[in-house]
Amino acid sequence: MPEQQSAEHQTDLAQEVATFLRERREQIAQRWADAALFRTVFTVSRDEAVEAGRTVVEALAAVAAAGRVEDAEADGFAVVREQLARMAQARARAGATMAQISAEMDALRPSVTDLLLDELSDTSAERLRECATALTVLMGTLRLVMLETTTVAGQELINRQRLELLEIATPVIKLWEGIVAVPLIGTLDSARSQVVMETLLDAVVEQNARIAILDITGVPTVDSLVAQHLMKTVAAARLMGAECIVSGIRPAIAQTIVHLGIDLSSVLTRASLADALAYALQQQGAHIVPNPASAAEPR
């Protein structure tokens, strides 16, 4: 029975905090618009900062009304997670650290607490303390949501940048009409191999290529996983109607492939990119005439 009364008491406190937040929403939003977090994110228009503040206050009120002031997964926070993510990204781009963002979130609390103390000045000291504690817990939960959102947003940014770097590191070069090449440099892992395959297949379609060259001169090692990725890329290119040539297999890599027992008999290979290009040109019907060294002295 005492536990039930305590739960009902906590719910009553949360409801009172929710009512306070709704009634003082505009005042809180106006104060937050001048706080460091909102001021540094919404630099173009103060009205935009005020509107963002209103949205956050409404979310807090919804969470309090549901009696879930300690729950970062409360439904009320769902509507502001995207906005918090944008704010976190803006602060991160400006060079703010996680600790600074956390401090800026914590700095929002005093302005709300001051309004609550003014609102409940006629109530008992005990009731005032309990409501202030509930509000403090709610603001702490908001800060936790902000930090979680910041972490997720940061990881998404890192993942996007990583993919962009992989795409930059995997250029497709048009060598001749109907001939494209992908010079690979560095280690091949599953993620990069997938980017190589997608980039090459897109180039085959865009360039209407009949021959694609994968040059691995700059790949330091080839193991069974890398060989498997190469074979899958070759097979995918064939399905797109292009013949795929793997060039740049160095002696040490050739020995490794033999020792591993990897069967590349179905893959057309050439020792160098130049050899692969010469073969591709011949397949296209071009005749390559070497430039003979002139025995005569220049006049």
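Contact, as used here, means heavy atoms within 4.5 Å.

## Basis

This is a predicted model, in which local features need pLDDT of at least 70 and side-chain atom pairs count only at pLDDT 80 or more, while totals for chains, interfaces and linings use all residues. Residues are numbered from 1 along each chain as its sequence is written, and side-chain values use heavy atoms, with hydrogens and water left out.

Ser 193 is located in helix α9; helices (H or I, at least four residues) and strands (E, at least two) are DSSP runs, numbered from the N terminus. Ser 193 is buried, because its relative accessible area is 6%; buried stands for under 20% relative accessible area, exposed for over 50%, and partly exposed for what lies in between (1.4 Å probe, protein chains only). Apart from neighbours within four places in sequence, Ser 193 is in contact with Leu 188 and His 229.

Asn 208 is in the loop between α9 (190–207) and β3 (211–218). Its phi is near 50°, a positive value in a residue other than glycine. Most residues other than glycine have a negative phi.

## Nonpolar cores

A nonpolar core is a set of buried Ala, Val, Leu, Ile, Met, Phe, Trp, Tyr and Cys residues joined through side-chain atoms within 4.5 Å. The largest one has 51 residues, and the members that touch the most others are Leu 21, Trp 32, Phe 38, Leu 60, Phe 77 and Leu 138. Among the elements that give two or more residues to this core are α1 (2–23), α4 (46–65) and α8 (125–168). A second, separate core has 28 residues, including Leu 184 and Ile 262.

In α2, the residues Ile 28, Ala 29 and Trp 32 are buried. They are on the same side of α2, because they cover an arc of only 100° around the axis; the arc is that of the directions from the helix axis to the C-beta atoms.

## Aromatic rings

Rings of Phe, Tyr and Trp (its six-membered ring) pair if their centres lie within 6.5 Å; planes under 30 degrees apart count as stacked, over 60 as edge-to-face and the rest as tilted. The whole structure has 2 aromatic pairs. Trp 32 and Phe 38 are stacked, at 6.0 Å centre to centre and 20° between the planes. Phe 38 and Phe 42 are also stacked, because their planes are at 25°, with centres 6.2 Å apart. Trp 32, Phe 38 and Phe 42 form one aromatic cluster.

Phe 38 counts as buried at 1% relative accessibility, and Phe 42 is buried at 14%.
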